[in-house]
Amino acid sequence: MRAILGSEPLEISDQPEPTPAAGEVVIDVVAAGVNRADILQRSGNYPPPPGASEVLGLEVSGTVSQIGDGVSGWSIGDQVCALLAGGGYAEKVAVPAPQVMRIPKGVDLVSAAALPEVACTVMSNVVLTGNLSPGELLLVHGGSSGIGTHAIQVAHAVGARVAVTARNQAKLDRCAELGADITIDYTSQDFAEIIGEQGGADVILDIIGAKYLASNVQALATGGRLVIIGMQGGVKSELNIGALMTKRAAVVGTTLRSRPVSGPGSKSMIVTETVARTWPLIANGAVRPIVDSTFPLAEADAAHQRLNSGDSIGKVLLTVD
């Protein structure tokens, strides 16, 4: 089996073919999503959780080819996409069955690889943790990213208003096309000031971390929820507890990859909620996968460069022959 390990340089190597353990299925991979976590892992800054594959890749689409003991509800040949702890940059991957999802109606098999990470991230952080409600204001940092483009559509579909930050007009225009009501160029505008003029954000989805902490707290509405899912702007910053208390606001940090397969707060719980609540929005056309570009598996390095350039809008995918 051809696969790409999470190390420098990126090279395709022969690896043993996976076999399904009890509770797992094997997927013949058609496409894999490229995520910033892959780039971090490659540079040695984001090792996989204990027991996870050293092969890069946190999401795939493809067909079920093997079924392990104790698995029900799946058949060989089913077209699926899946959330992984690792192993997606490969021809085959073994996945816990609760992390496998049927392809949503109206989505082709390649584009489906753009869904697992973004859909589960938005469900777990914006909907389940942030508890975004109709009429509330969601602020998304990195609105043109894979997560951002999905969050805009989901929030718009549930009746919330959406504000985004991005770095140029082309990205902001695309966000507006997807349903963003307020677009902010973070290179020249103060997002905290602009959001404050709107009465504050009820939920903020933040990929930046430390650099934006003070401004995010300033931008929160009374009772607002700041959900931090990334650390692109550093890991340490001072928190004005007085400002947080005055607003009766909350700051939450979460991650998806290291969650357990089952149990409270697990991947299986998030996958179940995603299929139940997001898949119908995709089926009726309110939400769709946004794919920036696709690269063959052998050109994974070019795919990483595309994502790392900051020029992509939506997801970058790898295709597997």
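The mean positions of the 22 positive and 31 negative charges of the chain lie 5 Å apart, with Lys and Arg counted as positive, Asp and Glu as negative, and His and the chain ends not counted. Each charge is placed at NZ of Lys, CZ of Arg, CG of Asp or CD of Glu. The model is predicted: local features need pLDDT of at least 70, side-chain atom pairs count only at pLDDT 80 or more, and totals for chains, interfaces and linings use all residues. Residues are numbered from 1 along each chain as its sequence is written, and side-chain values use heavy atoms, leaving out hydrogens and water.

**Overall fold**
- The chain holds 10 helices and 15 strands (DSSP runs of H or I, at least four residues, and of E, at least two, numbered from the N terminus).
- Its radius of gyration over C-alpha atoms is 19 Å, close to the 20 Å of the globule rule for 321 residues, so the chain is as compact as a globular protein of that length; the rule is 2.2 Å times the number of residues to the power 0.38.

**Burial and contacts**
- Buried residues (under 20% relative accessible area, 1.4 Å probe, protein chains only) make up 54% of the 321 residues.
- Of the contacts (heavy atoms within 4.5 Å) between residues at least 6 apart in sequence, 67% join residues at least 24 apart.

**Helix α10**
- In α10 (residues 300–309), the buried residues are Ala300, Ala303, His304 and Leu307.
- These residues fall within an arc of 100° seen down the helix axis, so they line one face of α10; the arc is that of the directions from the axis to the C-beta atoms.
- They pack against β1 (2–4), β3 (24–34), α1 (36–42), β14 (291–296) and β15 (315–319).
- Gly310, with a positive phi near 80°, follows α10.

How values were computed: Buried means under 20% relative accessible area, exposed over 50%, partly exposed in between (1.4 Å probe, protein chains only).
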